[in-house]
Amino acid sequence: MTPVEWGIVALALLGAFFGGVAALGIVRLPDVYTRAHAASKSDTLGAVLTVGAAALALQSGISTAKAIFLLVFMFLTNPTAAHAIARAAQDQGIEPWTLDDGEGER
């Protein structure tokens, strides 16, 4: 395997790992605020790494440019959407989860 192929595999595996972490965080975390955090951080990183692997694999002018534009778009919009969801939850009066809510258990 060439170094470029190793890079593609590494980026794809890291992207899949962070995507799995984001999915696990969304399922396991207790409230909308912590779930939004998991979605905005891990999911964005996973998606950016995966699309980066695709851009590296394509190695052609227009397709790589499209993938780079997609990277920038996702890097800007995913955290913004998570912030909007958290702001809407706050405006609705949803309180963050605390240890008192779960009596020490999640």
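T98 sits in the loop that joins α3 to α4 (99-102), where helices (H or I, at least four residues) and strands (E, at least two) are DSSP runs numbered from the N terminus. The structure is a predicted model, in which local features need pLDDT of at least 70 and side-chain atom pairs count only at pLDDT 80 or more, while totals for chains, interfaces and linings use all residues. Residues are numbered from 1 along each chain as its sequence is written, and side-chain values use heavy atoms, with hydrogens and water left out. T98 counts as partly exposed because its relative accessibility is 36%; buried means under 20% relative accessible area, exposed over 50%, and partly exposed in between (1.4 Å probe, protein chains only). From C-alpha to C-alpha, T98 is 9.2 Å from P30, although 68 residues separate the two in sequence.

Turning to the helices, α2 (residues 32-58) and α3 (residues 61-91) pack with their axes 9 Å apart and at an angle of about 175 degrees. The two helices are therefore roughly antiparallel. Here, axes are lines fitted to C-alpha atoms, for helices over the stretch in contact, and angles run from 0 to 180 degrees between N-to-C directions. Angles under 35 degrees count as roughly parallel, over 145 as roughly antiparallel, 65 to 115 as roughly perpendicular and the rest as oblique. By class, 18 nonpolar, seven polar and one charged residues make up the contact of α2 with α3 (Ala, Val, Leu, Ile, Met, Phe, Trp, Tyr, Cys and Pro count as nonpolar, Asp, Glu, Lys and Arg as charged, and the others, Gly among them, as polar).

A67 belongs to helix α3 and is buried, since its relative accessibility is 8%. Its C-alpha lies 7.4 Å from that of A54, 13 residues away in sequence. T34, in helix α2, is partly exposed at 30% relative accessible area.

The loop between α2 and α3 holds Q59, a residue that is exposed at 57% relative accessible area. Most residues other than glycine have a negative phi.

M1 is placed in the segment before α1 (3-28) and, with 60% relative accessibility, counts as exposed.
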